[in-house]
Amino acid sequence: MATKRAAMRLAIKIVSHLPDQGLVALSYVAEKLTYGKPAKTVIKQFRELIKINHPSIGLVRRILNDTQPQIRKKLVDNLIINGFLLNQEKKLAATAVGEAVPTTILISPTMRCNLNCVGCYAGNYNKADDLTFFVFDRIIREAKDMGVSFFTLLGGEPLFYPHLFDILEKHQDVFFQCYTNGTLIDGAMADKISAVGNVLPILSIEGHEKETDERRGAGVHEKVLKAMDILKSRKIPFGFSVAVTNKNAELISSDEFIDDMIKRGAYLGWFFLYMPVGKGPDLSLMPTPAQRRMLVDRVAHIRETKPLFIVDFWNDAPFVGGCIAGKEYVHITSKGDVEPCIFTHFAVDNIKDKSLKEVMNSDFFRDLRRRQPYNENLYMPCMWIDNPEVSREVIAQFHAYPTHEGADDVLVKEELKAGVDAYAAKIKEIYDPLWEKMSQPKK
């Protein structure tokens, strides 16, 4: 293992100085050193992108040339070598005996936040509860033993959590991405992020000033842009996250917005559909089915033309086989409740009572994995807004409890249920032709 790690580290170190032909040659070496079909497939796909001079190769070179050395080393060692290559051996071994090892663990160590965003999924959580350092630390230690080396931090506002940098410093052998509203990132905070080197900030933004401040509060957009400037000036890689609504869907997927994010220093972007869960669920904020379909084409365009890694959480489901909640990731709340997904505010277990391995292999999560994908049309992955009958059945079957007051509104309020059913029907009408086209054998 140590020999393979050293070989991979050396190969990646010299990548930035190689022409594309050299990158192709190194991809064959990396392929031989990795375990499992998924990792080898990714490397093969990367090789094909090099051959056609795809813009994503520009992103790789940006990371290798324009980021701080200590952060770049953590990205390479912890995320790429450990997470996506060497840890595949542990994952394959667990899978062989019927156990699940997630790719990432989502953790909300605190629900405290300095903002009060419209429609936030976290709005009704009890913000007085934080995970203790002991529990947080145990989660990561158990996950590492299972073969997990990538963690996602959410909230609330994770930068409010008093033990955050203690955790980051203690676990220097894994990598974190941290979703933040960005308003707490000043020079001192950026220096702390730079010093630990193993965390990637993901800043929330809803478009331009009008869209961002309308949802997040006056002056927030300006603070987020300032945070981006600070991070870029220190060569700290970061990303952005958008809650896609029917008010901003076209804007945030436009060339203008994407180009501005790249110019400001972003390396990746996440698109999450607004979900009618959390504080005051509002179906009228959801992007329309037509807007959701529009994003399929716009994201494809971004990937083909921009040096940016972009993820469309719903429309990318075909690439991973549909919903992967409870399989490739779980969410642990500040109270310790283990939810299948950040948008599924129900649980049957609490991490304070059981090990991570026990929770991952509970009857609840096993049943979710058995049911997946919930729809043969993989563009319809979600058990809440695409296949709502699944969420209603599963929650009832396993007597899952709501993790905050009002979480079950979408299950019990007839107006919400009827609205979600109508949305799902329209999604099916629009996406079935696309899936049929996608599923046809290539000539």
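Glu 393 and Arg 371 form a salt bridge in this predicted model, with their closest N and O atoms 2.9 Å apart, where a salt bridge is a side-chain nitrogen of Lys or Arg within 4 Å of a carboxyl oxygen of Asp or Glu. Because Glu 393 lies in helix H18 and Arg 371 in helix H17, the pair ties together parts that are 22 residues apart in sequence; helices (H or I, at least four residues) and strands (E, at least two) are DSSP runs, numbered from the N terminus. Glu 393 is partly exposed, with a relative accessible area of 45%, whereas Arg 371 counts as buried at 17%. Here buried means under 20% relative accessible area, exposed over 50%, and partly exposed in between (1.4 Å probe, protein chains only).

Residues are numbered from 1 along each chain as its sequence is written. In this predicted model, local features need pLDDT of at least 70 and side-chain atom pairs count only at pLDDT 80 or more, while totals for chains, interfaces and linings use all residues, and side-chain values use heavy atoms, with hydrogens and water left out.

By the salt-bridge rule, the count comes to 30, and the table gives some of them.

| Salt bridge | N to O distance |
|---|---|
| Lys 247 and Glu 214 | 3.6 Å |
| Arg 370 and Asp 367 | 2.7 Å |
| Glu 393 and Arg 371 | 2.9 Å |

Arg 370 and Asp 367 both lie in helix H17, 3 residues apart, which is about one turn of the helix. Arg 370 counts as exposed at 58% relative accessibility, while Asp 367 counts as buried at 8%.

Aromatic rings also form pairs: rings of Phe, Tyr and Trp (its six-membered ring) pair if their centres lie within 6.5 Å, and planes under 30 degrees apart count as stacked, over 60 as edge-to-face and the rest as tilted. By this rule the count comes to 17 aromatic pairs. In one of them, the rings of Phe 364 and Phe 398 have their centres 5.7 Å apart and their planes at 55°, so the pair is tilted. Phe 364 is in helix H17 (residues 363-371), and Phe 398 is in the loop between helix H18 (388-397) and strand E11 (401-402), 34 residues apart. Phe 364 counts as buried at 1% relative accessibility.

The rings of Tyr 379 and Trp 435 have their centres 6.1 Å apart and their planes at 85°, so this pair is edge-to-face. Because Tyr 379 lies in the loop between H17 and H18 and Trp 435 in helix H20 (residues 414-439), the pair ties together parts that are 56 residues apart in sequence.
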